[in-house]
Amino acid sequence: MSEQQRNQTKRGALLSFAAYLLLTVAKLVIGYWLNSRAVLADGINNLTDTGNMLILLIGMFVAEKPADDDHRYGHWKAETISALIVSLLILLIGGNVLLSSGRDLFQTTHTVPATEASWIGGLSAIIMLIVYFHNAKLSKKLHSIALQASAHDNFSDALTSLGTTLTVILAQFQLPWLDTLTALLIGLVILKSGFDIFKESVFSLTDGFDQGKLDHYALGIMNHVPRVRMIRAIRGRQYGAHIYLDITILVDGSLSVDEGHAITEDIERYLQRAFGIDAVDVHVEPFREPYNQDY
């Protein structure tokens with residue numbers, strides 16, 4: 001990842017942090033002032049998001065530390081570890097909101113929230129959708145797990161804020177319990193968001209990799225590097241936003257060492273140009289008939 005791309009990643013995270021901080025203060029103050037449990041629950045959600053983004057930012061800065069004697073591949077997994085910590089915090093807060101809302105749902109009396117509470121929910125939904133589209137586009141471009149987690153959370157927040165707005169409005173029609181019910185549903189959304197981020201972080205930290213992407217890389221190599229007779233094996237790992245590939249190719253045994261090395265450089269250039277992969281280890285073996293083809 002280039003310096004420019006790293007700066008784009010940090011700017012995306014800082015944008016989310018600023019948006020969450022602003023919305024957290026607004027929702028907690030307005031939710032308490034207007035006595036809306038749904039807005040308060042949404043504000044607590046954004047409070048955790050603010051802390052989560054701070055952890056992700058710290059992870060991004062640690063990930064940029066250069067490789068040393070103990071970390072030959074660099075510190076890029078710090079970004080994924082920070083995403084894992086964030087997922088655990090989201091699960092903790094989501095469970096708390098769920099339990100609190102569940103108790104309130106069975107109360108015999110409910111307070112009708114003021115209609116002004118719907119304003120902050122609608123504004124929040126618009127802001128978070130803007131941040132979501134920005135970070136979702138950037139995460140795909142930069143292959144950033146941290147930004148992908150942030151974008152996922154942005155979209156969940158947009159939906160919960162929209163639900164808060166609709167519920168506060170419906171509560172004015174003698175359905176005040178809907179405010180508490182929405183807080184309960186928000187707790188479920190928070191839990192799902194935390195679980196999704198947790199699952200993806202663990203998948204990456206245990207060197208899991210999407211087989212579909214590996215097949216796509218292999219097909220691209222076969223189509224764009226003519227002297228590769230076959231791809232015997234291809235494996236992938238992800239360190240933060242960086243993808244590392246180990247590839248074993250088969251070429252004509254009559255090729256010289258220089259020619260075989262040139263093919264590996266063609267593969268590296270193609271993967272960098274087509275997919276932004278800048279860490280590739282290519283092992284060359286001679287092709288002999290018959291050979292079981294993996295790709």
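Visitor: What pattern does the protein follow when it is read along the sequence?

Guide: In this predicted model, the pattern along the sequence is α-α-α-α-α-α-α-β-β-α-β, and the protein has 8 helices and 3 strands.

Visitor: Why is leucine 89 called partly exposed?

Guide: Leucine 89, which is found in helix α3 (residues 77–105), has a relative accessibility of 33%. Buried means under 20% and exposed means over 50%, with partly exposed in between, so leucine 89 counts as partly exposed.

Visitor: What makes isoleucine 85 partly exposed?

Guide: Isoleucine 85 also has its place in helix α3, and its relative accessible area is 39%.

Visitor: Which residues form the nonpolar patch on the surface?

Guide: The patch is formed by Ile81, Ile85, Leu89 and Leu92, which together have about 350 Å² of accessible area.

Visitor: Why is α7 called oblique to α8?

Guide: Helix α7 (residues 211–224) and helix α8 (residues 257–275) pack at an angle of about 120°, with their axes 10 Å apart. Roughly perpendicular runs from 65 to 115 degrees and roughly antiparallel begins over 145, so α7 is oblique to α8. The crossing of these two helices, α7 and α8, is right-handed.

Methods. Residues are numbered from 1 along each chain as its sequence is written. This is a predicted model: local features need pLDDT of at least 70, side-chain atom pairs count only at pLDDT 80 or more; totals for chains, interfaces and linings use all residues. Side-chain values use heavy atoms; hydrogens and water are left out. Patches are made of residues with over 30% relative accessible area and no salt bridge: like charges are joined within 9 Å, nonpolar side chains (Val, Leu, Ile, Met, Phe, Trp, Tyr) within 5 Å. Accessible areas come from the Shrake-Rupley method with a 1.4 Å probe; for residues, only the protein chains shown count as cover. A salt bridge is a side-chain nitrogen of Lys or Arg within 4 Å of a carboxyl oxygen of Asp or Glu. Helices (H or I, at least four residues) and strands (E, at least two) are DSSP runs, numbered from the N terminus. Buried means under 20% relative accessible area, exposed over 50%, partly exposed in between (1.4 Å probe, protein chains only). Axes are lines fitted to C-alpha atoms, for helices over the stretch in contact, and angles run from 0 to 180 degrees between N-to-C directions. Angles under 35 degrees count as roughly parallel, over 145 as roughly antiparallel, 65 to 115 as roughly perpendicular and the rest as oblique. A crossing is left-handed if the near helix is turned anticlockwise from the far one by less than a right angle, and right-handed if clockwise.
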